[in-house]
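Please report on the structure below.

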Amino acid sequence: MHLEAEKHTTSAYERAWGFIREQVRTTGETTELAVQQEIMRHFGEHGLTTYHPPIVAVGAHSGDPHFETGEAPIRKGDLVLIDLWAKMDRPRAVYSDLTRMGFVGSQVPEKSARVFGIVAEARDAAIRLVEERFRLKEELRGWEVDRAAREVSERAGYGDYFVHRTGHSIGQETHGNGANMDSLETREERLVLPRTCFSIEPGIYLEEFGIRSEINVFITKDSEVRVTGGPVQREILA
């Protein structure tokens, strides 16, 4: 059921970006709240439920990792972060939890693109570690995944701006009861195990904007590492 939800959380981005594009083209702007409501309509149409509506954060609001969506306008030239999570509205369903970045315009600003590249590299470093350990059949603890991502941000000079853990367990609740990818808030010594799911979501949060890229990793019962959430985002969508 995680994979079933993942199809609809992934397609929610097509819905959201298309909505923003059309509203800005025809009226000059939309709002964070209007985009959030459009995503919730998409969830309802596809049989999904969620404990909380998604985060839609424009401009400097994206620099707050836990921003509460408001009615700020979204216009041409704005950077937009969308973090959404939902599961099938059925017993024992498992969440899908994703974050992607968009820019309202044809040319993403250089600094935003550069910071996104660092975040994507951190995300990919964490994914590679998970894949390598399971390929070699070696133990992997949650704190190690966090360090793999955090070291990339630190080398790039943005360590102080990556202010939360790299990921959390995902289950029937968005934040599950398994191992988290964490060496910052705690030192997660629990093992990453088959038949579990978790997020990898490094971020860099500056005063003028924030960047986060979130995918989910599902470890099958046969220890296959499956990255879910559609194609991994490689650049900010213009």
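Arg92 is exposed, because its relative accessibility is 63%. The cut-offs are under 20% relative accessible area for buried, over 50% for exposed and in between for partly exposed, with a 1.4 Å probe and protein chains only. Arg92 sits in the loop between β5 and β6. Its phi is near 65°, a positive value in a residue other than glycine. Most residues other than glycine have a negative phi.

Ser223 also has a positive phi, near 65°. Its place is the loop between β11 and β12 (225-228). Ser223 is partly exposed, with a relative accessible area of 28%.

## Basis of the model

This is a predicted model, in which local features need pLDDT of at least 70 and side-chain atom pairs count only at pLDDT 80 or more, while totals for chains, interfaces and linings use all residues. Residues are numbered from 1 along each chain as its sequence is written, and side-chain values use heavy atoms, with hydrogens and water left out.

Helices (H or I, at least four residues) and strands (E, at least two) are DSSP runs, numbered from the N terminus.

## The loop at Gly28

Gly28 lies in the loop between α1 (2-27) and β1 (30-31). Gly28 counts as partly exposed, at 36% relative accessibility. Arg75 is 47 residues away along the chain, yet the C-alpha atoms of Gly28 and Arg75 are separated by 6.4 Å. Neighbours within four places in sequence aside, Gly28 is in contact (heavy atoms within 4.5 Å) with Gln23, Ile74 and Arg75.

## Helix pair α1 and α2

The axes of α1 and helix α2 (residues 32-45) come within 9 Å and cross at roughly 140°. Axes are lines fitted to C-alpha atoms, for helices over the stretch in contact, and angles run from 0 to 180 degrees between N-to-C directions. The two helices are therefore oblique to each other. Angles under 35 degrees count as roughly parallel, over 145 as roughly antiparallel, 65 to 115 as roughly perpendicular and the rest as oblique.

The crossing of α1 and α2 is right-handed, meaning that the near helix is turned clockwise from the far one by less than a right angle. On the α1 side, the contact residues include Ala12, Ala16 and Phe19. On the α2 side, they include Val35, Ile39 and Phe43. By class, this contact has 8 nonpolar, 4 polar and 4 charged residues. Ala, Val, Leu, Ile, Met, Phe, Trp, Tyr, Cys and Pro count as nonpolar, Asp, Glu, Lys and Arg as charged, and the others, Gly among them, as polar.

## Helix pair α3 and α4

Helix α3 (residues 110-135) packs on helix α4 (residues 142-155) at about 150°, with axes 8 Å apart. That angle makes α3 roughly antiparallel to α4. This crossing is right-handed. Among the α3 residues in the contact are Ala122, Leu129 and Val130. Among those of α4 are Val145, Ala148 and Val152. The contact has 10 nonpolar, 1 polar and 4 charged residues.

## Nonpolar cores

A nonpolar core is a set of buried Ala, Val, Leu, Ile, Met, Phe, Trp, Tyr and Cys residues joined through side-chain atoms within 4.5 Å. The largest has 45 residues, and Val130 and Ile211 have the most contacts inside it. Elements giving two or more residues to this core include α3, α4 and β5 (79-88). The largest share, 12 residues, comes from α3.

Beyond four places in sequence, Ile211 is in contact with residues including Leu79, Met101, Phe116 and Ile236. Another core, of 25 residues, lies apart from the largest one, with Ala12, Ala16, Val58 and Ala93 among its members.
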